[in-house]
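Here is a friendly walk through a protein chain, with its sequence and fold side by side. Have the structure open as you read, and follow along one part at a time.

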Amino acid sequence: TPPIYILAIESSCDDTAAAVLKDNVVLSNVVARQHIHEEYGGVVPELASRAHQQNIVPVVDVALKKAGITRDQLSAVAFTQGPGLMGSLLVGTSFAKSLAMALQIPLIAVNHMHAHILAHFIKEEGFAMPEFPFLALTISGGHTQIVKVNSFFDLEIIGETTDDAVGEAFDKSAKILGLPYPGGPLIDQLAKEGNPKRFPFTRPKVDGLDFSFSGLKTQILYFIQKNQAANPNFIEENKADICASIQHIIIEILMEKLKLAVSTTGINQIAIGGGVSANSGIRQTLVDAQSKYGWKTFIPKFEYTTDNAAMIGIVGYHRYLEERFTATDVVAKARIEF
Ligand code: KG4
Ligand code: ZN
């Protein structure tokens with residue numbers, strides 16, 4: 001059979017991304033990051049949509065060029081339908097529709113969270129693919145979910161956050177410490193030099209497999225306020241230990257729920273995904289879990305953790321194989337189910 005070439009487009013938040021896949025192999029994976037949001041301490045939706053509008057054509061051109069193929073060779077166009085910021089999603093959705101119509105090839109709508117999970121099915125040297133069923137822990141700036149993945153298209157959310165996402169816990173804690181947005185990677189960096197047991201924060205009590213992170217944020221805020229009042233240099237003098245302690249409690253919360261998910265489902269294959277799975281502490285903890293608990297853990301290649309279009313492309317490829325195409329009257333959705 002001839003190869004399938006998928007052009008994938010991702011524009012759900014603040015990164016404009018395009019990728020080209022040849023079957024399950026990534027030929028190119030291009031991301032234009034929007035740095036404009038840094039000075040605002042968070043993503044400004046209006047600015048994000050405008051930047052997508054500006055970046056989308058060049059990003060797609062570069063992705064095709066790097067892949068070494070022309071538009072005419074494409075088999076289908078896949079795009080992120082949601083969840084995400086409406087104005088951002090509209091840019092990618094409209095562009096993908098128009099291109100698919102012009103080239104007279106199928107259009108394939110993709111759920112962004114589904115893509116963070118199926119990113120594990122991108123063929124990469126040195127990376128094994130999980131077998132069904134497995135558990136996926138998706139941790140990003142907008143989501144925290146434990147998903148039971150029965151097949152490519154049968155996914156069940158068995159636990160999720162009742163308030164903030166784990167990425168928000170990182171970013172909001174970083175903000176309290178005066179670090180710029182997004183603070184997750186900075187906490188990760190600083191934590192490497194710190195003592196994770198120095199400041200013991202407490203875990204919230206949440207039933208079952210659900211999560212809660214808003215209480216932790218408040219706990220950290222009060223802790224910092226109290227200590228800064230006593231010593232105005234408290235943050236400066238203890239930054240690495242504070243970051244290590246914050247990262248430590250977040251990992252404890254995630255691991256507590258993963259252990260419960262393994263014992264209740266009897267499934268011990270765990271795949272992580274989403275921007276927060278770039279965290280070095282989380283990655284190491286999951287590697288250690290293999291010998292410690294006998295789990296089989298799957299940690300994505302770094303470039304497939306934060307938002308990217310290659311992961312949209314792999315969902316596109318599997319939808320293509322099953323001819324799960326999308327009508328051109330499809331609309332972007334800020335919220336979306338599996
Ligand atoms: O998946 P993603 O790129 O976008 C969403 O779909 O939300 O995730 C972004 C989130 C941000 O909260 C960012 O701070 C967090 O991922 N993040 C990290 C790290 N790298 C990115 N959090 C902790 N440690 C990191 N190394
Ligand atoms: Zn994401």
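## The annotated span and the model

Let's begin with residues 26-313, whose end C-alpha atoms lie 8 Å apart. This span is 47% helix and 17% strand, where helices (H or I, at least four residues) and strands (E, at least two) are DSSP runs numbered from the N terminus. The UniProt annotation "domain: Gcp-like", from an unreviewed entry, covers residues 26-313. UniProt positions are given here in the numbering of this chain, feature names are shortened, and annotations may be inferred rather than shown by experiment.

This is a predicted model, in which local features need pLDDT of at least 70 and side-chain atom pairs count only at pLDDT 80 or more, while totals for chains, interfaces and linings use all residues. Residues are numbered from 1 along each chain as its sequence is written, and chains are lettered from A and ligands numbered from 1 in the order in which they are written. The mean pLDDT of the protein chain is 97, and 100% of its residues reach 70 or more; pLDDT is the predictor's confidence in each residue, from 0 to 100. For the complex, the predictor gives an ipTM of 0.98 and a pTM of 0.95.

## Two domains

How is the protein chain divided? Domain 1 takes in 5-119 + 305-321, and domain 2 takes in 130-299; these bounds come from an automatic or database domain assignment. The centres of domain 1 and domain 2, taken over C-alpha atoms, are separated by 27 Å.

Across the boundary, 15 residues of domain 1 are in contact with 18 residues of domain 2, contact being counted if the C-beta atoms, placed from the backbone, lie within 7 Å. On the domain 1 side, helix α3 (residues 112-118) supplies the largest share, five residues. That side divides into five nonpolar, eight polar and two charged residues. In this scheme Ala, Val, Leu, Ile, Met, Phe, Trp, Tyr, Cys and Pro count as nonpolar, Asp, Glu, Lys and Arg as charged, and the others, Gly among them, as polar.

## The sheet β3-β2-β1-β4-β5

Five strands make an open sheet in the order β3-β2-β1-β4-β5, with mixed pairing; two strands pair if DSSP finds at least two bridges between them. Because β3 (25-33) and β5 (107-111) each have a single partner strand, they stand at the edges, and one side of each is left without a neighbour in the sheet. Neighbouring strands of this sheet are turned by 20° against each other on average, direction ignored. Strand β2 (residues 15-22) runs antiparallel to β3, joined by eight bridges, and A32 in β3 is the bridge partner of T16.

Two helices can be traced against these strands. Helix α1 (residues 45-67) lies across β1 (5-10), β2 and β3, at about 25° to β2. Helix α9 (residues 310-321) packs on the sheet and touches β1, β2, β3, β4 (76-82) and β5, its direction making about 135° with that of β1. Axes here are lines fitted to C-alpha atoms, for helices over the stretch in contact, and angles run from 0 to 180 degrees between N-to-C directions.

## The sheet β8-β7-β6-β9-β10

Another open sheet has five strands in the order β8-β7-β6-β9-β10, again with mixed pairing. Its edge strands, β8 (154-160) and β10 (296-298), each pair on one side only, and the twist averages 25° from one strand to the next.

Strands β6 (residues 134-139) and β9 (residues 269-273) pair in the parallel sense over four bridges; L137 has I272 in β9 as its bridge partner. Helix α7 (residues 234-265) packs on the sheet, touching β6, β7 (144-151), β8 and β9, with a direction at about 160° to that of β6.

## Annotated site and backbone details

Which residues does UniProt list for "binding site"? The unreviewed entry names H112, H116 and D307. They span 196 residues in sequence, yet no two of their C-alpha atoms are more than 8.8 Å apart, so they gather at one spot. H112 has its place in helix α3.

G82 and P83 are joined by a cis peptide bond with omega about -5°, and P83 is found in the loop between β4 and α2 (86-103). A cis peptide bond also joins F132 and P133, with omega about -10°; P133 lies in the loop between α3 and β6. In the hairpin of β2 and β3, which has two residues between the strands, D23 takes a positive phi near 55°, and D23 is a residue other than glycine.
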